[in-house]
Amino acid sequence: MPPLPPISPVHFAGAGPGAAAHLTLGAYQALQAADVVIHDRLVGPEIMALIPAHVVRVDVGKEGFGPSAGQDAINAAIVAHALSGARVVRLKGGDPGIFGRLDEELDALAAHAIPFTILPGLTAASVAAAQIGQSLTKRGRNASFRILTGHDMAGFAEQDWRGLARAGEVAAIYMGKKSARFVQGRLMMHGASPDTPVTLVENVSRAEQRVLDTTLASLPDAAAQCDGPAVILYGLAPRAAATALLTLHEATA
Ligand SMILES: C[S@@+](CC[C@H](N)C(=O)[O-])C[C@H]1O[C@@H](n2cnc3c(N)ncnc32)[C@H](O)[C@@H]1O
């Protein structure tokens, strides 16, 4: 019997939200050394273009690899490629540890004693805040910052609405477009002002990025205008000195 191929660690790499400038050097190096890249739908074209041509690409964001029903198939693909001896990068949009189903995939590797590394990425909220010239925390305004999902496996996600409704709170809401009206209702029910600033950043750090500067009162209308992935920055408005703020693509043009 031929000897089994040596198994390389699977690298779980964050792609950042879109721009090549937001990919870490560690993730870039892992992509250059890979035999197989198993990637999500949210990994943007600028990042895909950095993968060498000879590398096998497996798109687990397309039909048949749906977000919930397909998780077992995704796990099986990662395990099969790793056991074949390939150097595998599992490339995820943003940071793999934020709403990235990382644990399910790590558990699948553990069942086969396959080693791994995690290469964190810039999450959508960090880059969105930077694109509107804001800081996610600020002395005297908010000493904590929350990352929420608009929906979880049970439907619209319940949160600490009372805490979030306090003046000065800041949160980034992921996967929040469909739940925008629910989130608005819960926050206002707990006393949040309808004038609370809210900024939606769609297609963060991509050429088609759009910033919608709104308030809690208009959040559902603004969310309805977004077709692409969007992160909702609750409690933050774009910095007033917007003239001094160039988006990444303008700055590098
Ligand atoms: C499954 S979560 C993945 C989050 C990702 N791991 C991260 O750290 O950014 C998908 C949600 O992340 C947000 N998101 C991811 N990439 C984005 C982008 N380029 N622009 C805006 N929002 C994005 C959206 O709220 C989207 O619905």
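**View 1. The residues around the ligand.** Of the 21 residues around the ligand, those that come nearest are Pro-17, Gly-94, Thr-123, Ala-124 and Val-204. A residue is near a molecule or strand if its C-beta atom, placed from the backbone, lies within 6 Å of it. Strand E10 (197-202) and strand E12 (230-234) are the elements that give two or more residues to this shell. Helices (H or I, at least four residues) and strands (E, at least two) are DSSP runs, numbered from the N terminus. This is a predicted model: local features need pLDDT of at least 70, side-chain atom pairs count only at pLDDT 80 or more, and totals for chains, interfaces and linings use all residues. Residues are numbered from 1 along each chain as its sequence is written.

**View 2. Two domains at the ligand.** Domain 1 (10-119) and domain 2 (124-244) each supply at least three residues of the shell. Their bounds come from an automatic or database domain assignment.

**View 3. The open sheet.** Five strands run in the order E6-E9-E12-E10-E11, with mixed pairing. Strand E6 (146-149) and strand E11 (210-215) stand at the edges with a single partner strand each, so one side of each is left without a neighbour in the sheet. Two strands pair if DSSP finds at least two bridges between them.

**View 4. E10 beside E12.** These strands run antiparallel, joined by five bridges. Glu-202 stands opposite Ala-230 in E12. Strands of a sheet pair through backbone hydrogen bonds, either parallel or antiparallel.
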